[in-house]
Amino acid sequence: MNMRNLFPGYYQPSQQEYKDMWEKCIFVFDANVLLNIYKYSPQMREKFFNILTKLQNRIWIPYQAAFEYQKNRHSVISTKLKLYSEIEKDLSNNLENLNKLLNNKRKENKKHNLDHNIDNIKSIYQEALDKSKDILSKAQLENNSVNFDEIREQLDGIIGDNIGVYPGEEELNKIYKDSERRFKQEIPPGYKDKDKEGLEKYGDVIIWHQLIDYAKQQKCPLIFITDDAKEDWWWEVEGEKKGPRPELIQEMQSSANVNFYMYLSDRFIEYAENFLNFPHETELIEEARDIRIENEKEQLNEDKYNFYKDQLFKHVLPSDSVAIPSVSDIMERFNTKIIDIPNAVDLAKRYNVDILGLEQRIRIQKEMGEALIKLLQLDPSNRITNTANLFGYNSIKFTDKIIRNTSLDDID
């Protein structure tokens with residue numbers, strides 16, 4: 001047996017192998033890819049649905065991915081609806097500021113008799129605002145899926161019955177056990193989710209088991225399309241994704257005896273254009289790429305938030321603590337608590353910090369001294385007030401400190 005057969009994950013498929021795989025494979029979609037459809041422009045959405053329709057008989061969705069799509073669908077839509085409300089509020093505020101400016105100019109320049117012109121300007125801007133509100137209201141109505149979701153209806157029509165079945169409690173318990181083994185040994189995928197709360201941390205491993213089981217049944221190659229960019233899915237060299245983790249290709253071949261490959265959504269769309277002889281539309285590919293990258297940034301912030309939250313409650317609020325500590329006590333505890341080695345290593349990886357010596361560990365501890373501030377900066381919209389209330393602080397002064405990026409000391 002030669003090197004390529006022994007270590008298939010470390011070899012890029014040839015052009016012919018890619019071609020054969022695309023002609024014979026089943027395309028499997030992750031929940032994040034389906035949820036991104038709600039963020040696409042109408043043109044991009046139409047293109048993506050055209051691709052899915054052409055591949056309709058060769059599409060499959062794992063049960064876990066379908067479940068995560070259904071669970072998170074409303075959240076994605078609500079975020080978009082909230083954006084429309086924010087735009088409307090910003091437009092109203094801008095008009096209010098303009099009116100104030102014009103009124104001041106009127107008062108300062110009475111002798112020039114600007115009343116008629118100023119009133120005309122106000123009328124034009126008010127008319128524009130009213131038209132903008134109508135556009136936003138229509139968009140909100142079209143995207144409100146409480147009673148009806150056109151995107152989901154279209155997806156349901158394309159996917160049909162090509163969805164995995166619920167695995168059952170007994171099978172899930174086996175997967176949970178395997179997940180813990182993978183977490184401990186950092187076997188992909190899933191170990192980057194080990195700090196998630198509850199059963200959510202097992203999601204990627206469940207999907208992986210379902211992929212393997214389905215490949216065994218179908219006995220044909222799988223191409224998995226996901227926008228999960230974490231390192232426990234992708235083989236990266238100097239920050240560039242080369243393909244799936246070699247261990248995944250190896251495990252799929254040894255378990256199901258089929259080839260396996262992965263694409264990010266924008267790369268899949270680009271390759272699908274060529275495969276299906278669709279016209280190449282660079283702007284739409286870039287749109288899909290931009291949305292994916294924005295999602296990655298949001299995920300990075302969420303990862304940081306969860307990490308700092310874990311540190312806050314692990315090192316600052318012991319489980320046997322009853323009294324609410326003062327801010328100075330919080331800062332002191334952060335600065336003096338010794339972070340355990342695994343967490344120190346994880347933090348060092350995130351910030352590219354060398355932790356080989358004592359000096360570097362002290363530097364990490366110093367960073368953790370501001371963890372509460374960073375924690376709140378990552379998601380200031382709701383958690384600032386909630387956290388202020390938790391510690392009994394004046395939320396207005398608390399928020400002001402966060403906005404100004406200053407220390408939390410001496411908040412009343």
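Count up the aromatic pairs in this model and you get 21, where two rings of Phe, Tyr or Trp (its six-membered ring) pair if their centres lie within 6.5 Å. Take Trp22 and Phe275: their ring centres sit 5.3 Å apart with the planes at 50 degrees, so this pair is tilted (planes under 30 degrees apart are stacked, over 60 edge-to-face, and the rest tilted). Trp22 belongs to helix α2 (residues 15-24) and Phe275 to helix α11 (residues 265-275), so the pair ties together parts that are 253 residues apart in sequence. Helices here are DSSP runs of H or I with at least four residues, numbered from the N terminus.

Before going on, a word on the source: this is a predicted model, in which local features need pLDDT of at least 70 and side-chain atom pairs count only at pLDDT 80 or more, while totals for chains, interfaces and linings use all residues. Residues are numbered from 1 along each chain as its sequence is written, and side-chain values use heavy atoms, leaving out hydrogens and water.

Trp22 is buried, at 5% relative accessible area, whereas Phe275 is partly exposed at 29%; buried means under 20%, exposed over 50%, and partly exposed in between, using a 1.4 Å probe and protein chains only. Tyr263 and Tyr271 make another tilted pair, with centres 5.2 Å apart and planes at 45 degrees. Here Tyr263 is buried at 5% and Tyr271 partly exposed at 34%. Both pairs' residues turn up in one aromatic cluster, whose members include Trp22, Tyr263, Tyr271 and Phe275, along with Tyr18, Phe27 and Phe48.

Now for some helix packing. Helix α9 (residues 203-218) packs on helix α10 (residues 246-256) at about 40 degrees, with the axes 9 Å apart; axes are lines fitted to C-alpha atoms over the stretch in contact, and angles run from 0 to 180 degrees between N-to-C directions. The two are therefore oblique, since under 35 degrees counts as roughly parallel, over 145 as roughly antiparallel, 65 to 115 as roughly perpendicular and the rest as oblique. Trp208, Leu211 and Ile212 are among the α9 residues that meet α10, where Leu248 and Met252 are among the partners (contact means heavy atoms within 4.5 Å).

Helix α4 (residues 42-54) and helix α7 (residues 150-159) pack at about 15 degrees, with their axes 10 Å apart. That makes α4 roughly parallel to α7. On the α4 side, Arg45, Phe49, Leu52 and Thr53 meet Ile151, Gln154, Leu155 and Ile158 of α7.
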